[in-house]
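Student: Please take a close look at one part of this model, a pair of packed helices. Then connect that part to the rest.

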Amino acid sequence: MHIMEGFLDPMWCAVWFVVMAPFFIVGVIKLRKILRDHPEQKMTVALAGAFIFLLSSLKLPSVTGSSSHPTGTGIAVVLYGVGVCSVLATIVLVFQALLLAHGGFTTLGANCVSMGIIGPLCGLILWKICSKAAGPFISMFIAAAIADLMTYVVTAIQMALNVMTVTGADFGSAFVDFLSVYAVTQIPLAIVEGIVLGMFAQYLSTSRPDIFDIADTNKLNPFSTEV
Amino acid sequence: MDNKVLYIVGFAIIAILFVGTLLMVNGEFGGSDDAGGEVAEDYGYEPWTDNWMADIGFELPGETESFLFAVQAAIGAIIIGYFIGTNAASKKE
């Protein structure tokens, strides 16, 4: 989902930075509150970020004959919400843009919107619905897999909007073309990510069930700074 | 379902998916990010910059890429391992 440097028109780079900004600012405020008021949660915040660091570094083969990487945002968004998730995802994206020339700084806003905001928000909505009826494994499996998959759907939308405005291409056909490149490759990887994070949620539910109290207080509203 | 059974089944599914993919699929496994860029170029889009950081003199040699990806994975794995380790230790106490 990393849109590379130069592959978004400067106008769209600016638009996605503007979309990203409020979520990121709320995330920073909430993160500061968590670290100040609940220092015992520092390890859990690090854990949430660690999954993004680990899973987004793995370039995995897919059944389509191409490769891609998971996003690892499921745990972060379920425990701390969209704002904090966007901050953690941005740290990873900056690391990759600066040191790996993977993604880019001009496309950081767009990449953060897909990987740190909209994808995880879809996952969080499904977690809130599923966790009422299903156990942690199933709920996290669905939340993480959908957060991963939606990240790539959003990237396809961003790329299709870009070529539509710059080259005059039809949005629908461009969207289908980008979706077939990104999302189809991603389906098996989203399933793998769902299984990995689902198993970790199951592990947490038996060894540290108190951690899910954080998830219960976590609001669906991405602009809530309540901790 | 018992946790151990769940972990065994989970890891088995992941292993089957990857081993099956590598054995059955005949592909080059190129990155989907690059493929997305090619689709944009097929639509007539021309990137307005390639790597502006290299232009201003900040470019790490290509050989470091694998190493830095490994560093990124290691940072995540060490934190997760530390969490599981401290968890297990506090349970023993």
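Tutor: Helix α2 (residues 42-55) of chain A packs against helix α3 (residues 74-99) of chain A at an angle of about 60°, and their axes lie 9 Å apart. Axes are lines fitted to C-alpha atoms, for helices over the stretch in contact, and angles run from 0 to 180 degrees between N-to-C directions. Helices (H or I, at least four residues) and strands (E, at least two) are DSSP runs, numbered from the N terminus. α2(A) and α3(A) are therefore oblique to each other. Angles under 35 degrees count as roughly parallel, over 145 as roughly antiparallel, 65 to 115 as roughly perpendicular and the rest as oblique. The crossing of α2(A) and α3(A) is right-handed. A crossing is right-handed if the near helix is turned clockwise from the far one by less than a right angle, and left-handed if anticlockwise.

On the α2(A) side, the contact uses A:T44, A:V45, A:A48, A:G49, A:F51, A:I52 and A:F53. α3(A) answers with A:I75, A:A76, A:L79, A:Y80, A:L88, A:A89, A:I91 and A:V92. Contact means that C-beta atoms, placed from the backbone, lie within 7 Å. By class, the contact of α2(A) with α3(A) has 13 nonpolar, 2 polar and no charged residues. Ala, Val, Leu, Ile, Met, Phe, Trp, Tyr, Cys and Pro count as nonpolar, Asp, Glu, Lys and Arg as charged, and the others, Gly among them, as polar.

The model is predicted: local features need pLDDT of at least 70, side-chain atom pairs count only at pLDDT 80 or more, and totals for chains, interfaces and linings use all residues. Residues are numbered from 1 along each chain as its sequence is written, while chains are lettered from A and ligands numbered from 1 in the order in which they are written.

Chain A has 7 helices and 2 strands, in the pattern α-α-β-β-α-α-α-α-α. Its radius of gyration is 17 Å, close to the 17 Å that the globule rule gives for 227 residues, so chain A is as compact as a globular protein of that length. The radius is taken over C-alpha atoms; the rule is 2.2 Å times the number of residues to the power 0.38. Chain B has 21 Å, whereas a compact globule of 93 residues would have a radius of gyration near 12 Å. Its pattern is α-β-α-α-α.

The two chains touch: 47 residues of chain B are in contact with 46 residues of chain A. The largest share of the chain B side, 13 residues, comes from α4(B). That side has 26 nonpolar, 16 polar and 5 charged residues.

Helix α6 (residues 171-207) of chain A and α1(B) pack at an angle of about 165°, with axes 10 Å apart. That makes α6(A) roughly antiparallel to α1(B). Their crossing is left-handed. Among the residues that meet are A:P188 and A:V192 in α6(A), and B:L6 and B:Y7 in α1(B). This contact divides into 9 nonpolar, 4 polar and no charged residues.

Strands link the chains too. 2 bridges join strand β2 (residues 66-68) of chain A to β1(B), and the two run parallel. A:S67 stands opposite B:G31. The open sheet has 3 strands in the order β1(A)-β2(A)-β1(B), with mixed pairing. Strands pair if DSSP finds at least two bridges between them.
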